[in-house]
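Below are some notes on the fold, written as numbered points. Please read them with the model open beside you.

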Amino acid sequence: MRMRDLSSRSRSISSQYFPLNLPPGESSLHSLRRGMLLLLRSSALRNLLRTSAFFLFFGTVLMMATTLLEGTFRAFRELRHEEELKFLYFNNETGTDHFIVPNIIHLIRFNKTEFSFVDYICTQAAFRNHRPDHFYIHTDSPGGKFNGKYWELIERDLELRSRIRILPLEPPSEIYGQQLNPEWRLYHGGDIARIRTMMKYGGIYLDNDVYVIQNLDKYRKFEIAINWDEGQFLGTQVIIANRKARFLPLWLDSYREYHPEIWYYNAGERPTVEILYKHPELVHRVKVQFGADFDLSYNLYTYKEFDWRALDTIHLMINHRHYMDPYYNVTPFFDENVVKNYPYPFGGMAREMVAASGMENFIDKKI
């Protein structure tokens, strides 16, 4: 029955294109040509329909992708605009109820390949008293390598070492086309580098001889927190900032008038007078607690009853001891043995970190 139906259908198709009953006067050859033409037209129509369907599908996909990309770009642009406006009405006196500064401590080491005892103590204090997620050490040290006994101790402290990232950074030699003072290049360059580092990453910048006493999380709720003691210029030893803090680009831009002959003009005097006197709301002003005042540092080496624990950080001013410490000739350098009997506050601070870090255990293993 099925074969009969197929045969019947086949005859029907054949008769459509190649009719058996020819019109009068038409030869079989003409009939064959006419059938072939109809068949070709039908095949072309099917191909045209297939091609049209493909382009319709492709066009739909392309239109959807374009709409998606436009939406993504619009969202990114709005997010960027929102970031730029984030601090427009920010209150740096009250801050916010959540962290807006990444928990990263930044250290800048130019022309310093060897870690000293004080470097070690300060790194341990920052690690143990604040507990950052990471340390970023920005350095021009060849291959990002450090050396010396105290760096080896850090290498052995696996918990601390696992949080350290070493990033290459060359000290600036100029700013806005102006050559830095060659004698002070590492210092003026370091001032510029810390601003740029904060603008790139945000986080907590510390001078290498800043000793962290308390956890600093309370300052991570402000746009930027910086030392600005009463009657003084701002201090750059501790900077805790969101990378979008409004003060940072203004501070960097103030270097367009660079005075190479004045030690602290561009780092502290000019931004205080030209920016913060006019717009103090740009920063969370920290008085005393960052321990940047000379008298506080002086007490570390002269006043046995000094209550250093009341501060959040303190600048050891270790490179200035030779003229500020009246007992410098007695103890011109510090190590784990000297501080055992050092009677002034720094001795107690150092002994705490020696014990907390377990460095004597590592030393006993003969580094």
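1. Helix H3 is mostly covered, with 12 of its 14 residues buried. Buried means under 20% relative accessible area, exposed means over 50%, and partly exposed lies in between (1.4 Å probe, protein chains only). Among the buried residues of H3 are Phe117, Val118, Tyr120, Ile121 and Phe127, and also Asp119 and His130. Helices (H or I, at least four residues) and strands (E, at least two) are DSSP runs, numbered from the N terminus.

2. From its first C-alpha to its last, H3 reaches 20 Å, close to the 20 Å expected at 1.5 Å a residue. The expected span is 1.5 Å times one less than the number of residues in the helix. H3 is followed by Arg131, whose phi is positive, near 65 degrees.

3. A word on the source. This is a predicted model, in which local features need pLDDT of at least 70 and side-chain atom pairs count only at pLDDT 80 or more, while totals for chains, interfaces and linings use all residues. Residues are numbered from 1 along each chain as its sequence is written, and side-chain values use heavy atoms, with hydrogens and water left out.

4. The protein chain has 12 helices and 11 strands. Of its 367 residues, 43% count as buried. Among contacts in the chain between residues at least 6 apart in sequence, 73% join residues at least 24 apart. Contact means heavy atoms within 4.5 Å.

5. In what order do the strands of the open sheet of seven strands lie? The order is S3-S2-S1-S6-S9-S8-S10, and the pairing is mixed. The edge strands are S3 (164–168) and S10 (284–286), each of which pairs on one side only. From one strand to the next, the twist averages 20 degrees. Two strands pair if DSSP finds at least two bridges between them.

6. H3 (residues 117–130) packs on this sheet, where it touches S1, S2 (134–139) and S6. The direction of H3 makes about 170 degrees with that of S1. Axes are lines fitted to C-alpha atoms, for helices over the stretch in contact, and angles run from 0 to 180 degrees between N-to-C directions.

7. Two of the pairings in the sheet involve S1. S1 and S2 pair in the parallel sense over six bridges, and His106 stands opposite Tyr136 in S2. S2 is mostly covered, as five of its six residues are buried. S1 (residues 104–109) and S6 (residues 203–206) also pair in the parallel sense, over two bridges. Here Ile105 stands opposite Ile204 in S6.

8. Is strand S9 enclosed or open? Seven of the seven residues of S9 (residues 235–241) are buried, so this strand is largely enclosed by the rest of the structure. S6 and S9 run antiparallel and are joined by four bridges, with Tyr205 opposite Ile239 in S9. S8 (residues 224–227) and S9 run antiparallel as well, again joined by four bridges. Gly235 in S9 is the bridge partner of Asn227.

9. Helix H6 (residues 185–201) has 17 residues, which should span 24 Å at 1.5 Å a residue; the end C-alpha atoms are 23 Å apart, which agrees. Its buried residues include His188, Asp191, Ile192, Arg194 and Met198. After H6 comes Gly202, with a positive phi near 70 degrees.

10. Two packed helices are described by the angle between their axes and the distance between the axes. For H9 (residues 294–302) and H11 (residues 345–357), the angle is about 85 degrees and the axes are 5 Å apart. That makes H9 roughly perpendicular to H11, a term for angles of 65 to 115 degrees (under 35 is roughly parallel, over 145 roughly antiparallel, the rest oblique). Asn299, Leu300 and Tyr301 in H9 meet Pro345, Phe346 and Met349 in H11. The residues of this contact divide into five nonpolar, one polar and no charged. Ala, Val, Leu, Ile, Met, Phe, Trp, Tyr, Cys and Pro count as nonpolar, Asp, Glu, Lys and Arg as charged, and the others, Gly among them, as polar.

11. Most residues other than glycine have a negative phi. Tyr176 has a positive phi, near 50 degrees, and lies in the loop between S4 (174–175) and S5 (178–179). At 35% relative accessibility, Tyr176 counts as partly exposed. Met317 also has a positive phi near 50 degrees, in the loop between S11 (313–315) and H10 (321–324). At 10% relative accessibility, Met317 counts as buried.
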